[in-house]
Amino acid sequence: MSDTLNIDEAIVDPKTYGDEHAYHRIFAALRRDDPVHWAAPRDYRPFWAVTRHADIMAVELNAANFLNDPRQFLVTAKDEELLFEQTGSRKFADNLVAMDDPKHRAYRALTAAWFGAKSIKGLEGEIAALARETVDKMVDMGGACDFAAEIAAWFPLRTIMIVLGVPRADEPLMLELSQKLFGAVGGLEGMAGMVDAFNAFNAYFATVTADRRANPRDDVATILATATINGEPIGEAERNAYYLIVAAAGHDTTSSSISGGLLALIQNPAEMAKLRADPSLVAKAVDEFIRWTTPVKHFFRTAVNDCEVAGRQVRAGDSLMMCYPSGNRDEAAFVDPFAFRVDRPDAKKHLAFGYGPHLCLGNALAKLEIRLLFTELLARIDDIQLAGDPAWVEASFVSGLKRLPITYAVKR
């Protein structure tokens with residue numbers, strides 16, 4: 001019993017997500033011995049931890065029986081009740097990842113064309129210019145930097161600001177708020193930090209909305225500011241939640257894949273050498289970076305009807321936690337999953353963007369950003385080495401490297 005309790009507490013402990021070795025040790029054992037594990041940790045409502053690739057896919061494909069509403073991510077029972085008292089809902093924000101059909105389909109359609117591969121291709125020149133500017137910054141820094149904090153955090157943020165049409169002067173505020181939000185979700189600040197960051201986002205984008213209605217542009221902010229569904233303007237709460245997921249989620253997850261990808265290359269010099277010898281491999285390597293880091297650690301689903309998942313009897317109303325990093329290290333889904341390989345043929349099978357109808361809307365943009373930055377970086381920066389110990393954000397929802405000190409040489 002004590003071992004089960006320890007596992008349950010480890011699953012919800014933010015510190016587990018700041019120690020990749022501890023996480024993978026725990027979840028490898030669950031995949032082997034108890035792949036759909038009933039967890040009843042202190043301070044949280046109980047849930048099923050779904051740890052295998054195939055089972056996560058099966059749940060996410062069955063959107064009729066496994067809903068995103070109302071439980072989104074790990075929040076203590078006390079904070080859930082506090083949220084319900086304040087808002088009348090137990091979900092933090094009514095955004096795409098919290099919606100189910102038909103509402104999800106209607107709201108996704110608002111920006112689906114804008115985030116489609118054809119539209120994103122039109123941004124390639126601007127993002128490539130940002131990548132050059134980012135590596136220019138590394139050149140000017142004299143051969144040493146904290147890559148996570150000074151490079152990886154800023155490049156995807158600037159891309160998202162282009163998407164939203166937000167001025168560069170406001171980038172520090174956007175970075176502060178997104179980091180505060182995701183550090184709080186599943187972290188140590190809890191609901192208070194989440195609510196503070198969300199309120200600040202809402203206040204900022206209320207101003208953006210007013211501006212776009214008066215001065216429309218070709219950007220996502222204009223789409224959201226003027227959006228209608230069935231002839232009616234979308235609600236303020238839904239619009240603000242949409243801004244949030246574009247601005248914060250689109251930035252933080254990509255920055256984690258960038259910094260985690262570079263760390264993996266440093267720790268696997270033969271793989272770094274492969275990329276340098278054949279830059280055309282970068283496009284394939286991007287999916288391996290994302291599989292390897294898996295910045296979004298989980299989402300929840302709620303069962304509509306009694307059912308069975310991998311032999312476990314799940315009752316209507318039960319919560320299921322989709323454990324994405326575990327699925328992305330599943331020995332049944334990937335050949336030698338704990339090996340980092342830039343030319344891995346099965347990397348695209350990763351679940352880091354989710355699966356099924358809730359596949360991440362911005363996945364093509366994220367992959368384009370990562371490809372362009374690493375193409376530029378590897379062409380101009382050489383001899384990249386660790387200059388200290390990396391450190392990870394301790395948060396159970398979205399987490400990645402918060403510190404990656406490196407030294408490097410500039411190619412002449």
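Some housekeeping comes first. Residues are numbered from 1 along each chain as its sequence is written, and side-chain values use heavy atoms, with hydrogens and water left out. Since the model is predicted, local features need pLDDT of at least 70 and side-chain atom pairs count only at pLDDT 80 or more, while totals for chains, interfaces and linings use all residues.

The protein chain holds 17 helices and 14 strands (DSSP runs numbered from the N terminus: H or I of at least four residues for helices, E of at least two for strands). For 412 residues, a compact globule would have a radius of gyration near 22 Å, and the chain's 21 Å agrees (taken over C-alpha atoms; the rule is 2.2 Å times the number of residues to the power 0.38). Of these 412 residues, 57% count as buried (under 20% relative accessible area; exposed is over 50%, partly exposed in between, with a 1.4 Å probe and protein chains only). Among contacts (heavy atoms within 4.5 Å) with a separation of 6 or more, 72% join residues 24 or more positions apart.

As for nonpolar cores (buried Ala, Val, Leu, Ile, Met, Phe, Trp, Tyr and Cys residues joined through side-chain atoms within 4.5 Å), the largest has 87 residues, with Phe147, Leu164, Phe205 and Ile406 making the most contacts inside it. Helix H13 (residues 236-267) gives the most to this core, 14 residues. Apart from it lies another core of 20 residues, Val75 and Met322 among them. Leaving out residues up to four places away in sequence, Phe147 touches several residues, including Met138, Leu262 and Ile406.

Trp292, in helix H15 (residues 282-293), is buried at a relative accessible area of 17%. With the sequence neighbours up to four places away excluded, Trp292 touches Ala264, Arg329, Pro337, Phe338, Ala339 and Phe340.
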